[in-house]
Amino acid sequence: MFGREVYDKSFGCTPGTMEHSKAKVDAGFELMQKLGIEYFCFHDVDLIPEYEDIIESFEALDVISDYILEKMKVTGIKCLWGTANLFSHPRYINGAGSSNSVDVYCFAAAQIKKALDITVKLGGRGYVFWGGREGYETLLNTDVKFEIDNIVELMRMAVKYGRKIGFEGDFYIEPKP
């Protein structure tokens, strides 16, 4: 599921393009219709090619979420929850909220903000905080209190922002060991 591709999921398009992103949406909605699935969930950057420039990624998210919204209207399939993928990109090797890099922390905050915007746009009923790379490898190179305080503040900011933009759904935390 994570890592290098082992199956051809090109859907007849060149991977890493917006054409490919739309083809994935088409395939997803076709499959959900055939199986009678009423809800879908999403990670932000799993919907689009992730660009080095965050603004380009956000613009691509606007385009693909408009496309998804069209599919939702036609099919009646709804968004259950959205989230920001804060674990796949190498920038998150030392966490997102627990990172000691202010640049990484701010990037994660911006990514969460945009994922919340898209979740609201698609009528999502929940938002999930994924903690895939939060934490540390050894007590020798970490400040656990600092990291926990940072994660807590990032989540508080996200909840406050979500409520400000009208998100009435639940916030979930995916627990990790």
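Guide: Gladly! Let us begin with a cut-off: a residue is called buried when its relative accessible area is under 20%, exposed when over 50%, and partly exposed in between. Please keep in mind that this model is predicted.

Visitor: Why is Tyr127 called buried?

Guide: Its relative accessibility is 1%, and buried means under 20%, so Tyr127 counts as buried.

Visitor: What makes Phe129 buried?

Guide: Phe129 has a relative accessibility of 8%. The limit is under 20%, therefore Phe129 counts as buried too.

Visitor: Why is the pair of Tyr127 and Phe129 called edge-to-face?

Guide: A search of the whole structure turns up six aromatic pairs. In the one formed by Tyr127 and Phe129, the centres are 5.4 Å apart and the planes make an angle of 75°. Ring centres within 6.5 Å make a pair and planes over 60 degrees apart make it edge-to-face, so both labels follow. Ring pairs also link these two with Phe167 and Phe171 into a cluster.

Visitor: How do you know that the charged end of Lys78 sits over the ring of Tyr39?

Guide: The distance to the ring centre is 5.0 Å; the label asks for within 6 Å, and within 35 degrees of the ring normal. Likewise, Lys22 lies over the face of Tyr67, 5.4 Å from the ring centre.

Visitor: And why is Val152 called partly exposed?

Guide: Val152, in helix 4 (residues 144-164), has 31% relative accessibility. That value falls between the 20% and 50% limits, so Val152 counts as partly exposed. Val152 also belongs to a nonpolar surface patch with Tyr136, Leu139, Val144 and Ile148, together about 440 Å² of accessible area.

Notes:
Residues are numbered from 1 along each chain as its sequence is written. This is a predicted model: local features need pLDDT of at least 70, side-chain atom pairs count only at pLDDT 80 or more; totals for chains, interfaces and linings use all residues. Side-chain values use heavy atoms; hydrogens and water are left out. Rings of Phe, Tyr and Trp (its six-membered ring) pair if their centres lie within 6.5 Å; planes under 30 degrees apart count as stacked, over 60 as edge-to-face and the rest as tilted. Buried means under 20% relative accessible area, exposed over 50%, partly exposed in between (1.4 Å probe, protein chains only). Patches are made of residues with over 30% relative accessible area and no salt bridge: like charges are joined within 9 Å, nonpolar side chains (Val, Leu, Ile, Met, Phe, Trp, Tyr) within 5 Å. Accessible areas come from the Shrake-Rupley method with a 1.4 Å probe; for residues, only the protein chains shown count as cover. A salt bridge is a side-chain nitrogen of Lys or Arg within 4 Å of a carboxyl oxygen of Asp or Glu. Helices (H or I, at least four residues) and strands (E, at least two) are DSSP runs, numbered from the N terminus.
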